[in-house]
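Thanks for coming, everyone. I'll keep this brief.

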Amino acid sequence: MSTRTIYFNGKSFDELGLIITKTVVPPVSHKKYKTVSIPDGGVIFEDTGVLDPIVFPINCTLTEPGKLREIYSIAAKPGILILPDEPDKYYYGMLTIATPQNIILHWNRITFTMTAEPYAYAVNNPDVVPVPETEGDHKIFRLNNLGTADCEPWYRFKAAAEGELKVWLEDEAKAVKIPVKANDEVSIDVMRNNVKIGASHVEYKTEGDYLALKLKPGQNVIRTRNCSDLIIVFNERWY
């Protein structure tokens, strides 16, 4: 992998005859705010909890005009973009060509606009096997989210016995509960919004809000009952 090129959907700009002419600064997302009237007649700005998409330009010189058709084809669908200064992160979105074709062919200059989801995501998401600890009558797992935003993990729990698997972060009253048999492998994928035992979907018999099992940046503790082991993919992300 070249260290000074951009990759989009696995294709490097080098392969497309594109040379980056201006450093692409890793972008950040911005929060959306709304105005709220207050009794004294003034207004305050309130966080909506929504983030704007990340939008940034990529300026290039085209060295192989014969590859322009391939460039248009690649830019026609959304995909994963990796910047040279952040090879461990990717952005997902649409890469559009902002320069008219006649200008591209005359000046061999091309500007892309990347419109991405409001996070950078980890390129490598390995399986992590945390060591369980006993706390009272349940097990806990200490988990460290290295991103700067809440992450949406993929959990895989192994049921210790037949009965009910319970999983929660802070308040046991809000625990996720799933009926299980001994040694069942229970998957809770927060990012993809599903719960499975083996290959079978079991969202319909899952109690509690499993989408609330996001992890905050830094140290987290997840608590379980009737669980012998856990494998987690963090799916870390950055603002």
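Start with a facing pair: Y155 stands opposite I232 in β20. Before I go on, this is a predicted model, so local features need pLDDT of at least 70 and side-chain atom pairs count only at pLDDT 80 or more, while totals for chains, interfaces and linings use all residues. Residues are numbered from 1 along each chain as its sequence is written, and side-chain values use heavy atoms, with hydrogens and water left out.

Which strand pairs with β20? It is β13, residues 154-159, in the antiparallel sense over 6 bridges. A strand here is a DSSP run of E, at least two residues, numbered from the N terminus. Two strands pair if DSSP finds at least two bridges between them. Strands of a sheet pair through backbone hydrogen bonds, either parallel or antiparallel.

Now widen the view. β20 belongs to an open sheet of 5 strands, ordered β18-β17-β16-β13-β20, with antiparallel pairing. Its edge strands are β18 (200-201) and β20, and each pairs on one side only.

Stay on β20, residues 227-233, and look at S228. Its side chain makes a polar contact with the side chain of D229, at 3.4 Å. Polar contact means a pair of N or O atoms within 3.5 Å; within protein, one must be able to donate a hydrogen and the other to accept it, and residues adjacent in sequence count only if both atoms are side-chain atoms. Leaving aside neighbours within four places in sequence, S228 also touches P132, K139, K158, A159 and A160. Contact is heavy atoms within 4.5 Å.

Next sheet. This one is open too, with 5 strands in the order β11-β12-β19-β14-β15 and antiparallel pairing. The edges are β11 (133-135) and β15 (176-180), each pairing on one side only. β14, residues 163-168, pairs with β15 in the antiparallel sense over 5 bridges. There, E164 stands opposite P179.

Last stop, the largest pocket. A pocket is an open set of points on a 1 Å grid over the protein atoms alone, where a 1.4 Å probe fits, with protein on both sides within 12 Å along at least five of seven lines; lining residues have an atom within 4 Å of a point. Which residues lie nearest its centre? W168, L169, E170, D171 and A212, out of 15 lining residues. β14 and β19 (218-225) each supply at least two residues of the lining. β19 gives the most, with 3 residues.

Notes
Helices (H or I, at least four residues) and strands (E, at least two) are DSSP runs, numbered from the N terminus.
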